[in-house]
Amino acid sequence: MAETRQLRDQASSDAPGLRDAEPLPPGTEAGDPSGDATDHTVWSCAGNLTAIRSIRSRVRGFLSGKGHGDDALDDAELAASELATNALLHSRSGQSGGVMTLFLRSGHGRLRVAVADQGEREGDGGYTREDGEDYGRGRLIVDNCATRSGEYRAGTTHVAWFEIDDPAPS
């Protein structure tokens, strides 16, 4: 439980590194997708493959409840599942006892999704660049779905995030 709380604290959307994404239009900040009114949720889950379906469901459920359009929902759901899958394959979150944490934010015309994992895998069992030609494809999918994306490390925690501009929400 303490490790989950640590992940939640370290992966907050205001953490350093989130503002290091590609430049945004004037008057827009990556760290605050909604100005002064933001709805958000945080959910931690066991790091196993059954969590991917739950993450997709939580992303779609939360963001559809905030009025986001179907295109943004589809993109957010796909990109979130890619980030979560990467966390399982490449971090300690995918090992026995592992945990990953999902962060969702929705505000005026923008949504943000972040997945925090427990950092580098220990021992054997992870996938590396040499394991196959598909390495890096998930990152390309996220970049195609998102308006902005990035990642950062805070201690041993790794956080991958993306934002989608969506003019549909009221």
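Which residue forms a salt bridge with Glu-120, and how far apart are the closest N and O atoms? The partner is Arg-153, and the closest N and O atoms are 3.6 Å apart; a salt bridge here is a side-chain nitrogen of Lys or Arg within 4 Å of a carboxyl oxygen of Asp or Glu. This is a predicted model, in which local features need pLDDT of at least 70 and side-chain atom pairs count only at pLDDT 80 or more, while totals for chains, interfaces and linings use all residues. Residues are numbered from 1 along each chain as its sequence is written, and side-chain values use heavy atoms, with hydrogens and water left out.

**The sheet**

- Five strands make an open, antiparallel sheet in the order S1-S2-S3-S5-S4. Helices (H or I, at least four residues) and strands (E, at least two) are DSSP runs, numbered from the N terminus, and two strands pair if DSSP finds at least two bridges between them.
- Strands S1 (39-46) and S4 (148-154) stand at the edges with a single partner strand each, so one side of each has no neighbour in the sheet.
- On average, neighbouring strands of this sheet are turned by 15° against each other, direction ignored.
- Eight bridges join strand S3 (residues 110-117) to strand S5 (residues 157-165) in the antiparallel sense, and Ala-116 stands opposite Val-159 in S5.
- Helix H2 (residues 50-65) packs on the sheet and touches S1, strand S2 (99-107) and S3; contact means heavy atoms within 4.5 Å.
- The direction of H2 makes about 15° with that of S2. Axes are lines fitted to C-alpha atoms, for helices over the stretch in contact, and angles run from 0 to 180 degrees between N-to-C directions.

**The nonpolar cores**

- The largest nonpolar core has 29 residues, and Ile-55, Val-59, Met-100, Leu-102, Leu-111 and Phe-162 have the most contacts inside it. Such a core is a set of buried Ala, Val, Leu, Ile, Met, Phe, Trp, Tyr and Cys residues joined through side-chain atoms within 4.5 Å.
- Buried means under 20% relative accessible area, exposed over 50%, and partly exposed in between (1.4 Å probe, protein chains only).
- At least two residues of this core come from each of S1, H2, helix H3 (70-90), S2, S3, helix H4 (137-145) and S5. H3 gives the most, with nine residues.
- Leaving out residues up to four places away in sequence, Ile-55 touches Trp-43, Cys-45, Ala-80, Ala-84, Met-100 and Leu-102.
- Another core, of seven residues, lies apart, and among its members are Ala-114, Ala-116, Ala-154 and Val-159.

**Charged side chains**

- The whole structure holds ten salt bridges.
- In the pair we began with, both Arg-153 and Glu-120 are exposed.
- Arg-110 in strand S3 and Glu-163 in strand S5 are 53 residues apart, yet their side chains meet in a salt bridge (3.8 Å, N to O). Arg-110 is buried at 8% relative accessibility, and Glu-163 is buried at 0%.
- Arg-148 also forms a salt bridge with Glu-163 (2.8 Å, N to O). Because Arg-148 lies in strand S4 and Glu-163 in strand S5, this pair ties together parts 15 residues apart in sequence.
- Salt bridges that share partners join Arg-110, Arg-112, Arg-148, Glu-163 and Asp-165 into one network.
- Arg-112 sits in strand S3 and is buried, with a relative accessible area of 3%.
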